[in-house]
Amino acid sequence: MKVEGKNYRTIWLNENDNAIVSVIDQRFLPHQFVIENLTSVNKTCVAIADMHIRGAGLIGASAGYGMYLATLEAKNKKNVDEYLKQSAIKLKATRPTAVNLEYAVNRQLQALSKVKSIDEKIFVAKQTALLIAYEDADYCRRIGEHGVSIIEQISKNKKGDLVNILTHCNAGWLAFVDYGSATAPIYEAQKRGIKVHVYVDETRPRNQGASLTAWELLQQGIPHTVIADNTGGHLMQHGMVDMVITGSDRVTRSGDAANKIGTYLKALAAKDNNIPFYVALPSSTFDWKIKDGRKDIEIEKRNPDEVKYMQGLCDGELKTILVTPLNSPAVNYGFDVTPARLITGLITERGICKANEKDILKLFPEQKQ
Ligand code: MRU
């Protein structure tokens, strides 16, 4: 996607030095555009855990590249396989909720187990990392092609009037390698000349909506309005939202979807107001091993300081301010689970389906048990 008119992906291999993986450091957006070079597994782990890079798809792609960096490091180790195994454990431990992380690391381990010499391992890990990243972008592009049909239909029903879409957090291209999941249908609608407008939930505590989604949409010229997290229900009651699209960090085989904290409340409000609520995801976000999202999905608990403090621009400088009494305790759950019964449909790279096991498996028959 475009930044100041120039095309970028969120992660790429440095053309001149293939031992460097470059990423956009999202901690500084929307005020500063900073590129970070990841040169080791440890740096990759810190970047994921401290959210220099974030979002399910991008976390997965970064972990794929992290395993490639691990093979470069393993060249100087006595026990290559043990080093790769430990690197995989470290990467998987960085963040628990997005299943794309586990998916990418396991895919690398499986590919690596098929070759013996370290030079072959380096080659295979590089190819696999590139493939994971390529697929992530391509699947999001296809999500856009499928999802746009829903927006098109709403636009037709409204006789070409503006389609208002509400989204939560950032499931845009910054959360993936390109296009985004929730945003891909919106970008495709813009390409097809459909009039769209996006309500962007600010998404406390880290403000991924206000800082990242708003920035993305601005760069792509999509009309949008940032709203405080508690505003969505009011807008829905007054006919100002035509549909909701969110991303997801882990979806069970029965269609329950974990996403950024607050998503569940938006789904409840949408149900109450008869507004379609869609979840967009690439297949790497399905966790085929589990059924009951509320019981089986681990919800990340992050540092309470993310709730107590906020970052923003002040007199031209990035500053952090305290918004609670210093001694008030806070708690910081990163995600919640929206039960399948509140979800109108899942938009995947293979098409749109209802959020239930039978319909999901029609799109992904190879996952039948
Ligand atoms: O904590 P984050 O920013 O990594 O959260 C992940 C998300 O971006 C959202 O939950 C998003 O909607 C999921 S889609 C990548």
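1. How many Å apart do the C-alpha centres of domain 1 and domain 2 lie? In this predicted model, the C-alpha centres of the two domains are separated by 24 Å. The domain assignment of the protein places domain 1 at residues 2-135 and domain 2 at residues 160-367.

2. On how the two domains meet, the model shows 34 residues of domain 1 in contact with 36 residues of domain 2. The ligand also has a part in this picture, since the shell around the ligand takes at least three residues from domain 1 (2-135) and at least three from domain 2 (160-367).

3. The shell itself deserves a careful look, and there are 17 residues around the ligand, of which Arg54, Arg95, Asp249, Asn259 and Lys260 come nearest. Sorted by class, the shell is made up of 7 nonpolar, 6 polar and 4 charged residues.

4. Which atoms of the protein lie 2.7 Å from an oxygen atom of the ligand? One is a polar side-chain atom of Asn259, and another is an N or O atom in the side chain of Lys260. With Asn170 the backbone is involved, as a backbone N or O atom of this residue lies 2.9 Å from an oxygen atom of the ligand. Taken alone, the ligand exposes 400 Å², and the protein buries 100% of that area.

Definitions and conventions
Residues are numbered from 1 along each chain as its sequence is written. This is a predicted model: local features need pLDDT of at least 70, side-chain atom pairs count only at pLDDT 80 or more; totals for chains, interfaces and linings use all residues. Side-chain values use heavy atoms; hydrogens and water are left out. A residue is near a molecule or strand if one of its heavy atoms lies within 4 Å of it. A polar contact is a pair of N or O atoms within 3.5 Å; within protein, one must be able to donate a hydrogen and the other to accept it, and residues adjacent in sequence count only if both atoms are side-chain atoms. Accessible areas come from the Shrake-Rupley method with a 1.4 Å probe; for residues, only the protein chains shown count as cover. Ala, Val, Leu, Ile, Met, Phe, Trp, Tyr, Cys and Pro count as nonpolar, Asp, Glu, Lys and Arg as charged, and the others, Gly among them, as polar. Domain bounds come from an automatic or database domain assignment. Contact means heavy atoms within 4.5 Å.
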